[in-house]
Amino acid sequence: MTDTQEYHGKLVTIERFILDQQQAHPEATGTLTNILYDMALAAKIITSKTTRAGLAEILGSAGEENVQGEEVQKLDVFAQRTIFRLNDHTGRLAAMASEEEEAIIPIPSRFPVGPYVLVFDPLDGSSNIDMNVSIGTIFGIYRRTTEGGPGTLEDVLQPARNLVAAGYILYGASTMMVYSTGNGVHGFTLDPAIGEFLLSHPNIKLPVKPKYYSVNQGYQPFWTPGVQAYTEWLQQDTPEKKGLSLRYIGSLVADFHRNLLSGGVFYYPADSKDPKKPGGKLRLVYEAGPLSFLIEQAGGYASDGTQAILDIVPERLHQRVPMFIGDRNLVEQAEALIRQHDQPA
Ligand code: P6P
């Protein structure tokens, strides 16, 4: 395992870091390395559009033509197409799955298939774009489980504990790419002047002392008694912790990233308000799963309120799941109060 201590203060590009990490795996063929390279390239391409999103009126908004007469794509469609076009021909993937597509995305028959599958939410939080709020891409990479031929839904519906890599891209004040291949969580910041992601956050670990809780408290009247009790507990000073402050951006990757660096817990529980999202709003395969892989790599934990999200075997591609993610003690307290109040003995 490459000791990430050696990187502190050194100028390292994401490509160099990924390659160094590959050296720790003599059996590696470089295929996973190249998929990660392509996710970094996708991040740069998508960044080139997100930094101009507010100019829709001048450049034309989605579905219209801009002043040059070019058809302007919705940013999430653009992000989807960018990730697809970077991966459809490489022979590294057997299939892809995206929040934007109802079914799994096959590799076009004219291209070879490979040993991995890529699941992704190309641009989560896109409803925030018009308010210039940070948005993000979330991705996970599995080895295919079926033998030969085109990838299938079975290759995608794996528990997140099987992930070989996961990460996110945060399009904020700067663009960051944060990923793990099971060897710690590492963050890279894009220097737009040179078009390179530089290592800025080696070996991210959740702070021991949690700082924030993140939830949309507007739904509080629609939560179960256990989740209501949990929220009150988070606000109180207890022997184990001070009452936490509330921070909620409403953009999953931004909320997750802040809590990863500051310590705390994010949760999107089930609520009785919207019958369209009985089991919470967030998607298991390409949102909760990859973020749960990352948080455990950073020393935290993620639960649906009753079990580790990493152990949930997805039944449907767009399956929703309640999610409590962050500091292990805080998430386990959620499980304890849900057991006590919501699950009759
Ligand atoms: P609410 C954005 O639409 C999103 O999918 C996530 O990025 C975010 O965490 C969540 O929904 C916010 O949902 O119901 O609080 O507006």
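1. A polar contact here is a pair of N or O atoms within 3.5 Å; within protein, one must be able to donate a hydrogen and the other to accept it, and residues adjacent in sequence count only if both atoms are side-chain atoms. By that rule, a side-chain N or O atom of Asn 216 sits 2.9 Å from an oxygen atom of the ligand. For the side chain of Asp 124, the distance from an N or O atom to a ligand oxygen is 2.4 Å. Leu 252 uses its backbone: an N or O atom there is 2.8 Å from a ligand oxygen. The protein buries 83% of the 400 Å² that the ligand exposes when taken alone (Shrake-Rupley, 1.4 Å probe).

2. On provenance: this is a predicted model, where local features need pLDDT of at least 70, side-chain atom pairs need 80 or more, and totals for chains, interfaces and linings use all residues. Residues are numbered from 1 along each chain as its sequence is written, and side-chain values use heavy atoms, without hydrogens and water.

3. The shell around the ligand (a heavy atom within 4 Å) includes Ser 127, Tyr 219, Phe 266 and Lys 281. It divides into five nonpolar, five polar (Gly counts here) and two charged residues.

4. Where does the ligand lie relative to domain 1 and domain 2? Domain 1 (8-201) and domain 2 (212-341) both supply shell residues, so the ligand lies between them. The bounds come from an automatic or database assignment. Contact (heavy atoms within 4.5 Å) links 46 residues of domain 1 with 31 of domain 2.
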